[in-house]
Amino acid sequence: MASTNPHALYPLIRKLESVTRLSDEERHAIERLPVRVRTLSARQDIVRDGDRATQCCLILEGWAYRYKFLSEGRRQIFSFHIAGDIPDLQSMHIPLMDHTLGTMTQATVAFIPHESLHDLTSRFPSIAAALWRDTLIDAALFREWLISMGRRPAFEHLAHLLAELYLKQEAVGLAGEHRCPLPITQTDLADATGMTAIHINRVLKEMRGRGLITLHRKILVIKAWEELIRASEFDETYLHMRKRAAG
Amino acid sequence: MILHLQPVRVATDSDDCNGQLVFVDGFLVAVLVQLSGQHGAFAGMWFLEAGFGLTAVMSAPPVLGLGCSSRLGRTAPRHNAGQRVGHVARSGFARSAPPPNLITGLRGAFAAQFRSPIECTSARRRCRSSGLLMRL
């Protein structure tokens, strides 16, 4: 069932405004996009490796992730996504999926037809630039994950990831005071970091033991923010958040 | 093919320090660690802390399965009926293993690895005192 509820796309506007500026006209154009809103259960694939996508998926509520399976059930998670993200935005221009996008939690999503996005971006080059900026920041996150995967020890790696996940949520108003939802299992964290769930368990215990974090009922509280970012050599520049760093 | 275990303490920066070195024909192929109480339901199970050669994996070594049909380092996807792909569950955990049970599990694991029949020795008691030996 098609919906044109202008409020449905607010998370996208909020996300884009966290990394760039939008005029009223641009905001209204985004709000007028035709979308299909769906509520999906947790652990459900949205678009799969090998599919040819005809629409993009905007996360309105809940968490999603991108991943790829290797043989024998080995899995690599590439990214975690929250409200406002369009994790498969690249499918606008490369529709053949080379990985899978799925929900981690129950999620409400809006499907936006590619043709509508092409029309929007051709009429509003500044929105095209905003989306491009978003994909470039996405690439910056990938670079940082690559560094973590290749060069950061387990403790630094996980501390870096927790800081990133907190700041991403804070930037769009979903977190504050160093407290945020974290509905990610230890197995997910393992598959995102190249570690094992056992190593993740050990590192989280050490973080708790040092008084850096608490993680209870899927709520992360970073009790010693400065120490966490110092331990992981975290530099938020790569997130290119407008509120924190101009440009 | 001779499989030999040697008890060792492993510095994992955690409570998991009770380990076993696993040798095949004199070559170190794995370091196993018995999981402590901090791992909840997995406490007492054996974990492949590091693997070399045939037991090596690309990144951090995953869980060692010691069940009868398990293989070293194997994980398996779990699919929910009627849904698209669900989550991945680490498989291959097995309950606590005093060394003889550990050997039994390893025997199964290595049989899968080497695709060779297993011949058990009857030297368990002798081997237990000086590390454990088993003929594969």
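Over all chains, the structure holds 6 aromatic pairs, a pair being rings of Phe, Tyr or Trp (its six-membered ring) with centres within 6.5 Å, stacked if the planes are under 30 degrees apart, edge-to-face if over 60, and tilted otherwise. One of them joins Y65(A) and Y67(A), with ring centres 5.0 Å apart and planes at 45°, so this pair is tilted. The rings of Y67(A) and F69(A) have centres 5.5 Å apart and planes at 85°, and are therefore edge-to-face.

This is a predicted model, in which local features need pLDDT of at least 70 and side-chain atom pairs count only at pLDDT 80 or more, while totals for chains, interfaces and linings use all residues. Residues are numbered from 1 along each chain as its sequence is written, chains are lettered from A, and side-chain values use heavy atoms, without hydrogens or water.

Y65(A) is buried at 2% relative accessible area (buried is under 20%, exposed over 50%, partly exposed in between, with a 1.4 Å probe and protein chains only). Y67(A) is likewise buried, at 2%, whereas F69(A) is partly exposed at 26%.

I turn now to the cavities. What does the lining of the largest cavity consist of, by residue class? It divides into 3 nonpolar, 4 polar and 2 charged residues; Ala, Val, Leu, Ile, Met, Phe, Trp, Tyr, Cys and Pro count as nonpolar, Asp, Glu, Lys and Arg as charged, and the others, Gly among them, as polar.
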